[in-house]
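Notebook open. I wanted to go through the charged side chains and the rings of this one, then look at one helix.

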Amino acid sequence: MEEAKLQDRLTDMARRGVVFDIECKGRRYVTLPPVVIGFFEVVFMRARPDMPMKELADLFESSFTGNNGAVARALWAGQTQLAPTFVNEQSLPPGDPSEILDWERATHIVATAGAHAVGMCQCRHMANHRGLDCGKPSEVCLSFNWEGLTRAITRDEAMAILARSRAVQDVCQGAAP
């Protein structure tokens, strides 16, 4: 297949979430999404009227909470987290073991990232399909230096999302404990 046609096909596959693509130092890398921290996000970071979303939401919820939440604990309760999360530290209960990036560190990451993107909060999207809508904005998940299933935004837009989330103590309380 000629390279231009392959690039178009890969771009289409990345838009659909079949593959992840990222650019680093001017070179594009493409990979399959991982099963965990990948598959869930691919399903719920976009609207999919062609899929049985409530059924998928219920299945994901049962897999995370079944067996006393063993899957969720294995993914998020260990010493090594699979992905960093920036949380409004003032909204956490005392004694929470999460590693928190303070406002200065979080805004530094936003300020120094080369590219910014925002996507749908997969936890809120899933909760909405399960009839548990929290009423908070769903387009709040920031990504840096890649787009994937997200849309490109400016640094100022990313900073505004971060500030707005902090101001309303916007904490995702979706599928992952």
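Predicted model: local features only at pLDDT ≥ 70, side-chain atom pairs only at ≥ 80, totals over all residues.

My entries below go from set-up to salt bridges, rings and a helix.

**Set-up.** Residues are numbered from 1 along each chain as its sequence is written, and side-chain values use heavy atoms, with hydrogens and water left out.

**Salt bridges.** How many salt bridges does the structure hold? I get four, taking a salt bridge as a side-chain nitrogen of Lys or Arg within 4 Å of a carboxyl oxygen of Asp or Glu.

I looked up D21 and R28 to begin with. Their closest N and O atoms are 2.8 Å apart. For accessibility I use relative accessible area with a 1.4 Å probe and protein chains only: buried is under 20%, exposed is over 50%, partly exposed is in between. D21 comes out buried at 18%, while R28 is partly exposed at 26%.

Next I took K54 and D58, whose side chains meet in a salt bridge at 2.8 Å, N to O. Why about one helical turn between them? Because they sit four residues apart in helix α3, residues 53-76. (Helices are DSSP runs of H or I with at least four residues, strands are E runs of at least two, and both are numbered from the N terminus.) Both ends are partly exposed, D58 at 28% and K54 at 44%. I also noted that K54 and D58 are linked with R130 in a network of salt bridges.

Then I checked E139 and R151, with closest N and O atoms 3.0 Å apart. This pair links distant parts of the chain, 12 residues apart: E139 is in strand β4 (residues 139-144) and R151 in strand β5 (residues 151-153). E139 is partly exposed at 34%, and so is R151 at 41%.

**Rings.** I searched the whole structure for aromatic pairs and found zero. For the record, Phe, Tyr and Trp rings (six-membered ring for Trp) pair if their centres lie within 6.5 Å; planes under 30 degrees apart are stacked, over 60 edge-to-face, the rest tilted. I did find R166 over the face of W103, 4.5 Å from the ring centre. The test wants NZ of Lys or CZ of Arg within 6 Å of the centre and within 35 degrees of the ring normal.

**Helix α5.** Last stop, residues 122-129. Six of the eight residues are buried, so α5 is largely enclosed by the rest of the structure. The buried ones are Q122, C123, R124, H125, M126 and A127. Just after α5, G131 takes a positive phi of about 80 degrees.
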